[in-house]
Amino acid sequence: MAENLFYFLVFPGLLFAGVVGGLLSWFDRKVTAWVQFRRGPVLMQPFYDFLKLLLVKETIVPARGSVLTFLSAPVLALSGASISAALILLPAFGITSGFRGDIIVIFYLLTIPSISYVTGALASGNPLASVGASREIKLLIGFELTLLLIFATVIMKSGMNISLYEIIAYQQQNGALIGSLSGVLLFIPLIFCIQAKLGMVPFDIAEAETELSGGAFIEYSGPPYAMIKFTKYIMLFVLPALAVVLLLGGLSLTGTSILWSVLKILAVVLLLTLIRNTNPRLKVGQAMRFFFIWMNALVLIAIILTYSGL
Amino acid sequence: MDITGLIIVVPVVAGLLLFVIPEQDKKGKDILTLLVTIFTAVGTWLIFRAEPGLVRLYTPEIQVAGENLGRIMHGSNEFMRFNIDGLSQITVLLTGIFGLLISVYSIRGVSQNDRCSNFHSYFLITFGISLGTIMADNLLLFIFLWGILALTLYKLIPAHDEKSSAAAKKTIIMIGSSDGIMILGIAILYTLTGSVTMSDISLETRSVLSYTAFAALLAGSFTKAGAFPFHSWIPDYTENAPAVSSAYLPASLDKLLGIYFLVRICHDMFIMSETLRLIILSLGVITIIIAVMMALVQHDYKKLLGFHAVSQVGYMVLGIGLGSVLGLAAGLFHMINNAIYKSGLFLVAGNIRSATGETKLDRLGGLSVKMPFTYICGLIFALSISGIPPFNGFASKWMIYQGIIDFGSGGTLAGRLWILWLAVAVLGSALTLASFIKFISGIFLGSIKENMQKVREAGPSMLTPIAVLALMCIALGVFATGYFIPKLFFPVTGPFEFYGVWQSATVSGLIILSIILGGLIYLATGVRRMRKAESFTGGEKVSDDRGYPVTGFYRTISNSPLLFYIYNKAYKGWFDIYLRSKDCILWMNNGLSRRHDGVLHTYLAWIFGGLVIILLILL
């Protein structure tokens, strides 16, 4: 049990994933600044943001909402994100002890943050938050099917294995899954799904700073908002790591391959950052159609290609 | 008479006796009902613990009434045969639990205007008869008892206005005709095998006749459980019946019976062919998706729950249709879980209804402050049904998904389509989540309406059953893989290996730990500097009508071109087999009624023509 607690709280769960995610968030902001010809924040800026919210800022709770639900939502979001971080990163780093879960479990644990945001937003009783929540859940319906189809194709390509360990082992023997045509076709929708899951432009529909002033998060402040920020850091690391595990052959912590692993993650994050800096926000209907028709079509082609061995 | 007979006869006899006690003596009826239910529930526990085997009820040879009656009663020993095996034991136990919980709830839970006459009698008769149906081994006994249930179901909905009478009529017509089809199926089965004993029959589905028999029995089980295309009575029933009736029959007992019989026909009585498997899996996924799409756009929370009562059946059908041991256990586990959270949800709906009198989502809101206990239980049920880990709904869905992936490793056509089954099942669960966000937030979250300020939490007799069900949701979820699945299903299906890994207890422990840690963080940092403030809405004044009601949440989906078209057709009842066959029958009658022109000569001509034809045949 002590071992599991360590995996969950320190490495590779909560603390480690959060710190790496914070650094990645700095990377994202720095690249965004470069794109916009600014200097960008200092390296520690994400952590300053977090600590200020946690330690300095006051907590304001909505007068007309359900306070307990409102406050527990960020905790559950953080919990779901950290557990999925541990479940994804343990196999990614090749650590075989500790608790584990298959790809379906991970798929469902990864939805916990979204659900918690939605519930928290609705509990605040703010109409703008309601609009944000309704958009978040519709977006979730949109990309959930695509994400599942990608997972299913990966399962099929790696010989009907639903454990991440086996999927990585398969790739170590037979080369990364992206090495085939269907693998490339899978990578594109996967990146967009991650974009949507992270709520980045063009899918920042639920937050929509300019029209909903933060949407689902509008009422959050102080420590609860700090937890949401930390959850977002974790997700910013965990989802690219999942993409690397599923299609790019996994990570490694030994010797020079550390550098290679870091580069893989950075490349995925860079891709996400560039997409978010070069696109306008979609309407929620457009986003749903984008996933339901176009991205699903791509995955379907990939499935057919997989059946024919490409 | 041993316990098998007692748990059937005692509730039925008590129910018949209660007809005599006048309705005014409600307290006496309540107490008697409760006592009988407790006795029967204990009996079901004994059955659950008993050694499996066949039980023959001793029927005394009646000598006095003469030789004729003796001869009629001669074969009755064969008729009164009950099969106690793993499957019926677990179903009987659950029926006992639900009967007990709902009888406690019904003491206060049926409001005066919702009350149907002789509720207690029909409740007890349903209880005893259901237990008999589950244990019956002889198909004739089975169909006899199964038929009585249609009648009690009909009597448990008060037909006080046109709408509820229509719903009651629809229910009895659909269930009744499916019973008729089942009798046909049993007859065919008897012709093919020469036996009407379930445990003796094992028929290959090869000939047209065997397919027909299978389809006829399947229709019966699908109508009872509420799977496509025989599902359409459930939403109408739940919308109009009191919540306690919905929680009792369509949500729990009918599901248990229908799925129990589905398992019996798919795994015991027939050996399914590949084509049949494909058809059953398709029906399963169609059930999931169409019902959940309809649930998404409902504004009446009882009807919303009714559509989910249909949609969840799709998962069970999917699991059982896979034909593997894993799939069977998954389907049964989902049956149990669904019965738990669905009857819980209906009871929550009953609390809301009796506290507020409202059934429309857009007139409610913010009740979590007034009814905190109902809210927490409702949230647990909602998260369970949406398949959020670590609750029980996730555990059984996880098993079904695994079963599908495992099935995909086989080389059959249905197996090659595994991604399709999986995709629809997962999409269905995302849509379930979406519609329960609507349910929870529409009723409990947000700001409270002015006219709801006086709402009070329900009393203990209504909360206790809900709390027990919520605890069952948590327990069955948290200890799923470690304890409950091996304990409950290995006796039914034999031992099996999981395809994936889900350490339910560990993950639940971590979630509880994070809640504690989160609370500590709030205590350490937040509480000192916490203050309340009105919501920020860009400077506008917030009022009840200015909000964004949950009923508008999914308009983007229902207004998209293709779906808009389909929804319109669905509202007009295009996919309702009841309305379609009604149209068909009326159309056929149309031809006959046009002959009724009221002219005497025409009638005479018909009579004369008929006479001639009869004479020709007889000569």
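Reader: Let's start with Phe37(A): in which loop is Phe37(A) found?

Author: Phe37(A) sits in the loop between helix 2 and helix 3 (45-56) of chain A. Helices here are DSSP runs of H or I with at least four residues, strands are runs of E with at least two, and both are numbered from the N terminus. Please keep in mind that this is a predicted model, in which local features need pLDDT of at least 70, side-chain atom pairs count only at pLDDT 80 or more, and totals for chains, interfaces and linings use all residues. Residues are numbered from 1 along each chain as its sequence is written, while chains are lettered from A and ligands numbered from 1 in the order in which they are written.

Reader: Why does Phe37(A) count as exposed?

Author: A residue is buried if 20 or more other C-beta atoms, placed from the backbone, lie within 10 Å of its own, exposed if 12 or fewer, and partly exposed in between. Phe37(A) has 6 C-beta neighbours inside 10 Å, so it counts as exposed.

Reader: And what makes Met160(A) partly exposed?

Author: Met160(A) has 14 other C-beta atoms within 10 Å, and therefore falls in the partly exposed class. This residue belongs to the loop between helix 7 and helix 8 (164-174) of chain A.

Reader: What is the phi of Met160(A), and what is that of Phe37(A)?

Author: Phi of Met160(A) is near 55 degrees, a positive value in a residue other than glycine. Phi of Phe37(A) is also near 55 degrees, and Phe37(A) too is a residue other than glycine. Most residues other than glycine have a negative phi, and most peptide bonds are trans.

Reader: Which residues does a cis peptide bond join in chain B?

Author: One cis bond joins Phe228(B) and Pro229(B), with omega about 0 degrees. Pro229(B) is in the loop between helix 9 (208-225) and helix 10 of chain B. Another cis bond joins Pro389(B) and Pro390(B), with omega about 5 degrees; Pro390(B) lies in the loop between helix 15 (372-385) and helix 16 (392-408) of chain B.

Reader: Why is helix 10 of chain B described as largely enclosed by the rest of the structure?

Author: Happy to explain: 8 of the 8 residues of this helix (residues 233-240) are buried, so it is largely enclosed. Among them are Trp233(B), Tyr237(B) and Asn240(B). The buried residues pack against helix 8 (162-193), helix 11 (243-269), helix 13 (301-321) and helix 24 (577-595) of chain B.

Reader: Why does the radius of gyration of chain B agree with a compact globule?

Author: The radius of gyration is taken over C-alpha atoms, and the globule rule is 2.2 Å times the number of residues to the power 0.38. For 619 residues a compact globule would have a value near 25 Å, and chain B has 26 Å, which agrees. The C-alpha trace of chain B spans about 100 × 65 × 65 Å along its principal axes, and 52% of the residues of chain B count as buried.

Reader: Which residues touch the most other members of the largest nonpolar core?

Author: A nonpolar core is a set of buried Ala, Val, Leu, Ile, Met, Phe, Trp, Tyr and Cys residues joined through C-beta atoms within 7 Å. Of the 315 residues in the largest one, Ile88(A), Val238(A), Leu422(B) and Ala425(B) touch the most other members. Outside four places in sequence, the contacts of Ile88(A) include Ile106(A), Leu164(A) and Val238(A).

Reader: How many residues of the two chains are in contact with each other?

Author: 61 residues of chain A are in contact with 60 residues of chain B. Helix 7 (residues 127-157) of chain A gives the most to the side of chain A that touches chain B, with 15 residues.

Conventions: Contact = placed C-beta atoms within 7 Å.
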